[in-house]
Amino acid sequence: MMKSGTSSVQVGSPAIKANLHTHTTWCDGKNTAEEMVRSAIESGFNVLGFSGHSYTSFDESYCMSRENTEIYRQEIRRLADVYRDRITIFCGIEQDLFADDPVTIRTAPGEASVPVERAYDYAIGSVHAVFKECSPSQLESIRSEGYPSGVILAEPGNADPEVQDAAKDDRCGVYYYVDWEKETMHWAIDRLYGGDSLALAEDYFASVAQFADDPACQIVGHFDLLTKFEEQVAENGDVVGVDGRGNGEIRVPEPLFDARHPRYLDAAGNAIFALAGAHKIFEINTGAMAKGYRTEPYPGGRLLELILQAGGRITVNSDCHAAGKLDYGFAEAFDLARGIGFTEYWVLGPDGVWTAQAL
């Protein structure tokens, strides 16, 4: 069964090829769970972990429903049994900060507070949306003005009666996704933060830091997801000249954030040290590389340096949504980690033990 912490470290074990951040058609993935298993076997994986999106009542468009969450767990356990001689399969979950239901991790027999069939092998704690409180009059103004996709308005009285922590959702404000579209981020910065992008970054990293207090989430998902669009060139982006042959304009990305600014680094650093102090594992996530948004994984190199300084642990995941891309960018991720100075990364081994592997 699952163990974690330094007491279960096994350094120097044979290399384990693993990915623990995998999505399927049960949420927003493109392939069935079994198709992903077969792809993993073809790619030489020893371990495949599934991490369906947890149920969030404020937005059901991309996550698993409560009913499908039950079916998902049953299906992953079935596949684990069917393919047990070829690959180790774990049933995990990507637990959103605003997930309606708490998550329980499998431990030793008899220790789980819920039936073992409802527990997970691990959980990834992730922030996709940030909640910004507003007054009723501010919310009404936003509604009348209009707002982009990736923004959801929340009003008192709209809480799901089945939510165990209903007060959390019975608030007045705006949920905005940091990974939806660049236009959504521009709107949030201008409309909700008065043009102060660093204030948005401070709210985002403070949200991520909350997982330090959640013992069930061992992995921190895509730590700086808010930078997803930083390499994108805007349609009306800055023109810096023409190409070397004089054939056309050269456009450069218009960054949303100054990632070198002390406020940005302080916000990210505070979250990193809180999470590292809680013994969380930071994933180096190559998902945006596979989709063409970024040329390097999350988190960026400077933040990886801070993670190393904080004594943080790392793992490598692809945040895979399509078969054939389970190990996309892994080589680049490992090279980046080595270049920063990491000497090991962590995987959940076939025996269910978190294991340190040499880089």
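I call a residue buried under 20% relative accessible area, exposed over 50% and partly exposed in between, using a 1.4 Å probe and protein chains only.

**Entry 1: ground rules.** I am working with a predicted model, where local features need pLDDT of at least 70 and side-chain atom pairs count only at pLDDT 80 or more, while totals for chains, interfaces and linings use all residues. I number residues from 1 along each chain as its sequence is written, and side-chain values use heavy atoms, with hydrogens and water left out.

**Entry 2: overview.** I looked up the secondary structure and found ten helices and 14 strands in the chain. Helices (H or I, at least four residues) and strands (E, at least two) are DSSP runs, numbered from the N terminus. Of the 359 residues, 53% are buried. I then turned to contacts, meaning heavy atoms within 4.5 Å. Among those between residues at least 6 apart in sequence, 72% join residues at least 24 apart.

**Entry 3: the core.** Which residues touch the most other members of the largest nonpolar core? I found Phe205, Phe223 and Leu226, in a core of 112 residues. Such a core is a set of buried Ala, Val, Leu, Ile, Met, Phe, Trp, Tyr and Cys residues joined through side-chain atoms within 4.5 Å. In soluble globular proteins, nonpolar side chains tend to be buried together.

**Entry 4: helix 6 against helix 7.** Two packed helices are described by the angle between their axes and the distance between the axes. I take axes as lines fitted to C-alpha atoms, for helices over the stretch in contact, with angles from 0 to 180 degrees between N-to-C directions. Here the axes come within 9 Å and cross at roughly 0°.

On the helix 6 side, I noted Leu198, Ala199, Ala201, Glu202, Phe205, Val208 and Ala209 in the contact. Helix 7 brings Arg263, Tyr264, Ala267, Ala268, Ala271 and Leu275. I sorted these residues into eleven nonpolar, no polar and two charged. For this sorting, Ala, Val, Leu, Ile, Met, Phe, Trp, Tyr, Cys and Pro count as nonpolar, Asp, Glu, Lys and Arg as charged, and the others, Gly among them, as polar.

**Entry 5: salt bridges.** My rule is a side-chain nitrogen of Lys or Arg within 4 Å of a carboxyl oxygen of Asp or Glu. How many salt bridges does that give? The count comes to 19.

I picked out Asp327 and Lys17, which pair at 2.8 Å, N to O. Asp327 lies in the loop between strand 12 (313-317) and helix 10 (330-340) and Lys17 in the segment before strand 1 (18-19), so this pair ties together parts 310 residues apart in sequence. Asp327 is partly exposed at 28%, and Lys17 is partly exposed at 27%.

Next I checked Arg143 and Glu140, which pair at 3.0 Å, N to O. They sit three residues apart in helix 3 (residues 136-145), separated by about one helical turn. Both partners are partly exposed, Arg143 at 33% and Glu140 at 42%.

**Entry 6: helix 1.** Which residues of helix 1 (33-42) are buried? I listed Ala33, Met36, Val37, Ser39, Ala40 and Ile41. Their cover includes strand 2 (47-53), helix 2 (66-82) and strand 3 (88-96). Gly44 follows the helix, with a positive phi near 80°.

Entry 7: Most residues other than glycine have a negative phi, and most peptide bonds are trans. I noted a cis bond between Tyr298 and Pro299, with omega about -15°. Pro299 is in the loop between helix 8 (287-290) and helix 9 (301-309).

His279 is not a glycine, yet has a positive phi of about 65°. It is in the loop between helix 7 and strand 11 (281-285). Is His279 buried or exposed? His279 is exposed, at 56%.

Asp319 also has a positive phi, near 50°. It is in the loop between strand 12 and helix 10, and Asp319 is buried at 12%.
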